[in-house]
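Me: I would like to go through a few residues in this model with you. Shall we begin with the side-chain contacts?

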Amino acid sequence: QEGRRVWDNLVKILIYNMPVNLAQGLSVFFSYVIDLEEVPLTAMQVLYVNMITSVTMGLMLAMEPAESNIMTRPPRRVGKSLFGKLVLWHCMFVTAIIVTCVLVCFTWSLRENPADPDERRASDPNTEDPRINAARAEAFNMLVFGEIAYAINCRYVKETSIRWETFTGNMWCWLAIAVTASLQMVLTYAPVVNETFHNAPIGLMAWARIAIGTVAVFIAIEIMKFIGPRILRPIIQPFFQLIAFFTPKQLTGPVVTRNDQSVHINFVATSASTFGMPPVPRQDSVRIKRTGTYRPVVEENAAHKPAEPSEPANVHGKGTTPDADHTGEHNKKTAELPTATGSGGGSKEL
């Protein structure tokens, strides 16, 4: 049970961090694609999200308890990778939702506060436009609170997060959310801090849009959990097969051929080999790809090394001649040979 819990939490952390990191960079990229007035996120804001938000939400997911049905599931496929189709699909779907919400909030704020054509900027080039900072503050908060909503989705990857255990199962979740939300208030309204992070105070309408976007992220991912395996997966299956076709075989691990069967050897690094000492001989396990079963592997030299013959006992004392020793050894080997019954009922030496 503990092993399955650790595996599930690793998958949850990976599924959370990959789309979040992609959303930060693609928000800036698509702002250039659609030719916005300014970028929605600055380098300082992106660095903050990587250092604070991703860490707090990631630690919260690492502390997730085991799900109630964890021992009723069938065992996972042998050799299953952490970075699979589920992670790839979340990278595409969740990234698209968060990037859309960030760009919509940023554009809406700029259109709600248009620039005055008669306004002249100060001669100092470091002077920042307050309306740009307000729009960035809205986009910045949309990104962070969208990540918080997605972290709650990731607590149950394939099942719905709309359950009572979401509120009672992991108290670290709500502590991390409280810390992250409090820091967002400081970054938005503290006079000196918000200028450092290129933010400005925002109004109630901006918070209303952020709340709607946060709920939209949560609901969209919950719907995806139900319709994804049945409806969306058959549609994007050819895309995954195309990626698998162009994936180098070296990334699948070392494969050797033994007895006309392809096997995948699981190499084990030992502390002895780290210091340059020969590792202790052991029995590794190999997986036959055709059957998925395990069988022990013995060192080839040890398996085919002939046994050293034992020296025959000298039963004739000191006066035994070499011919007598040779005759006694021949008789002993003959007695140990197996016999087979012939067609006439007698036995003969093999």
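Reply: This is a predicted model. In it, the side chains of arginine 209 and glutamate 138 are joined by a polar contact of 2.7 Å.

Me: Where does arginine 209 sit, and is it buried or exposed?

Reply: Arginine 209 belongs to helix H8. It counts as buried because its relative accessibility is 10%, and the cut-off for buried is under 20%.

Me: What else is arginine 209 in contact with, leaving aside neighbours within four places in sequence?

Reply: Besides Glu112 and Glu138, the contacts of arginine 209 are Cys105, Trp108, Ser109 and Met142, with neighbours within four places in sequence left aside.

Me: Let us move to tyrosine 189. Which helix is it found in?

Reply: Tyrosine 189 is in helix H6, which covers residues 171-189. The side chain of tyrosine 189 makes a polar contact of 2.7 Å with the side chain of tryptophan 207.

Me: How far apart are tyrosine 189 and proline 201?

Reply: They are 12 residues apart in sequence, and their C-alpha atoms are 5.3 Å apart in space. Pro201 is also among the contacts of tyrosine 189, together with Asn194, Ile202 and Trp207, once neighbours within four places in sequence are left aside.

Me: Why does tyrosine 189 count as partly exposed?

Reply: Its relative accessible area is 35%, and partly exposed refers to values between the buried limit of 20% and the exposed limit of 50%.

Me: And threonine 188, buried or exposed?

Reply: Threonine 188 is buried, with a relative accessible area of 0%. This residue is also found in helix H6. Not counting residues up to four places away in sequence, threonine 188 touches Asn141, Asn194, Ala200, Pro201 and Ile202.

Me: Where is aspartate 35, and is it buried or exposed?

Reply: Aspartate 35 is in the loop between helix H1 (2-33) and helix H2 (43-62). It counts as exposed, with 66% relative accessibility.

Me: What about the phi of histidine 198, and where is that residue found?

Reply: Histidine 198, likewise not a glycine, has a positive phi near 60°. Its place is the loop between helix H7 (191-196) and helix H8 (204-246).

Terms used: Residues are numbered from 1 along each chain as its sequence is written. This is a predicted model: local features need pLDDT of at least 70, side-chain atom pairs count only at pLDDT 80 or more; totals for chains, interfaces and linings use all residues. Side-chain values use heavy atoms; hydrogens and water are left out. Helices (H or I, at least four residues) and strands (E, at least two) are DSSP runs, numbered from the N terminus. Buried means under 20% relative accessible area, exposed over 50%, partly exposed in between (1.4 Å probe, protein chains only). A polar contact is a pair of N or O atoms within 3.5 Å; within protein, one must be able to donate a hydrogen and the other to accept it, and residues adjacent in sequence count only if both atoms are side-chain atoms. Contact means heavy atoms within 4.5 Å.
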